Amino acid sequence: VQLQASGGGLVEAGGSLRLSCAASVSLFTINAMGWYRQAPGKLRELVATITNDGATNYADSVKGRFTISRDNAKNTVYLQMISLKPEDSATYYCWSSLRGMDSWGKGTQVTVSS
């Protein structure tokens with residue numbers, strides 16, 4: 001699976017961004033997709049995931065602020081981020097799992113200024 005992420009950028013604290021991740025195959029064939037992030041000097045961490053039946057999972061740090069969704073017709077998963085904080089600054093990576101095989105997209109940078 002090839003994943004193309006987009007939508008990162010620079011935003012002030014309290015602002016919003018929407019990340020997109022387009023998959024090269026139908027989302028119906030993918031077991032789960034999601035977003036991870038990695039800040040400098042830190043480990044990569046899970047942000048949000050969504051399964052092919054629509055079940056979602058979020059990191060505690062983003063619950064209530066981030067929403068993951070999917071558009072099956074566009075083979076695209078979105079991450080809507082609101083009330084952004086400086087600690088959300090990181091490189092965000094799109095991820096998918098297809099029959100136990102993980103795929104990663106190139107990261108997209110999110111920078112939140114205070």
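Let me begin with a term: a residue is called buried when its relative accessible area is under 20%, exposed when that area is over 50%, and partly exposed in between, with a 1.4 Å probe and protein chains only. With that scale in hand, S83 has a relative accessibility of 36% and therefore counts as partly exposed.

Before going further, a word on where these values come from. What we have is a predicted model, in which local features need a pLDDT of at least 70 and side-chain atom pairs count only at pLDDT 80 or more, while totals for chains, interfaces and linings use all residues. Residues are numbered from 1 along each chain as its sequence is written, and side-chain values use heavy atoms, with hydrogens and water left out.

I will start with the strands, by which I mean DSSP runs of E with at least two residues, just as helices are runs of H or I with at least four residues, numbered from the N terminus. I will say that two strands pair if DSSP finds at least two bridges between them.

Strand β9, residues 90-98, is mostly covered, since 9 of its 9 residues are buried. Which strands does β9 pair with? Strand β4, residues 32-38, runs antiparallel to β9 and is joined to it by 7 bridges, and within that pairing Y36 stands opposite Y93. Strand β11, residues 108-113, also pairs with β9 in the antiparallel sense, over 3 bridges, with V110 of β11 as the bridge partner of A90. Strand β10, residues 101-104, is antiparallel to β9 as well, over 4 bridges, and there W95 has W104 as its bridge partner. The hairpin of β9 and β10 has 2 residues between the strands, and in it R99 takes a positive phi near 50 degrees.

Staying with β4 for a moment, A32 is found in that strand, and it counts as buried because its relative accessible area is 12%. Leaving aside neighbours within four places in sequence, A32 is in contact (heavy atoms within 4.5 Å) with I50, T51, W95, S96 and S97. The C-alpha atoms of A32 and C21, 11 residues apart along the chain, are separated by 13 Å.

Now to β8, residues 76-81, which is mostly covered, with 5 of its 6 residues buried. Strand β3, residues 17-23, pairs with β8 in the antiparallel sense over 6 bridges, and β7 and β8 likewise pair in the antiparallel sense over 6 bridges. The hairpin of β7 and β8 has 4 residues between the strands, and N75 in the turn has a positive phi of about 55 degrees, although N75 is not a glycine.

What follows β8 is the loop between β8 and β9, where S83 is found. Phi of S83 is near 50 degrees, a positive value in a residue other than glycine. The backbone oxygen of S83 lies 3.0 Å from a polar atom of the R65 side chain, and the backbone oxygen of S61 lies 2.9 Å from a polar atom of that side chain. Is R65 buried or exposed? R65 has a relative accessible area of 10%, so it is buried; its place is in the loop between β6 and β7. Not counting residues up to four places away in sequence, R65 touches Q80, M81, I82, S83, L84, K85 and D88.

S89 also belongs to the loop between β8 and β9. A polar atom of its side chain lies 2.9 Å from the backbone oxygen of P86, and a polar atom of the S89 side chain lies 2.8 Å from the backbone nitrogen of V112. With residues up to four places away in sequence set aside, S89 touches A39, V110, T111 and V112.

Finally, the largest pocket. A pocket here is, on a 1 Å grid over the protein atoms alone, an open set of points where a 1.4 Å probe fits, with protein on both sides within 12 Å along at least five of seven lines, and lining residues have an atom within 4 Å of a point. About 190 Å³ of space lies in the largest pocket, taken as the space filled by probe spheres set on the points, which are joined across faces, edges and corners. It is lined by 13 residues, and the closest to its centre are R37, A39, K42, E45 and E87. The lining divides into 3 nonpolar, 3 polar and 7 charged residues, where Asp, Glu, Lys and Arg count as charged, Ala, Val, Leu, Ile, Met, Phe, Trp, Tyr, Cys and Pro as nonpolar, and the others, Gly among them, as polar.

Conventions
Polar contact = N/O pair within 3.5 Å; in protein donor to acceptor, adjacent residues only side chain to side chain.
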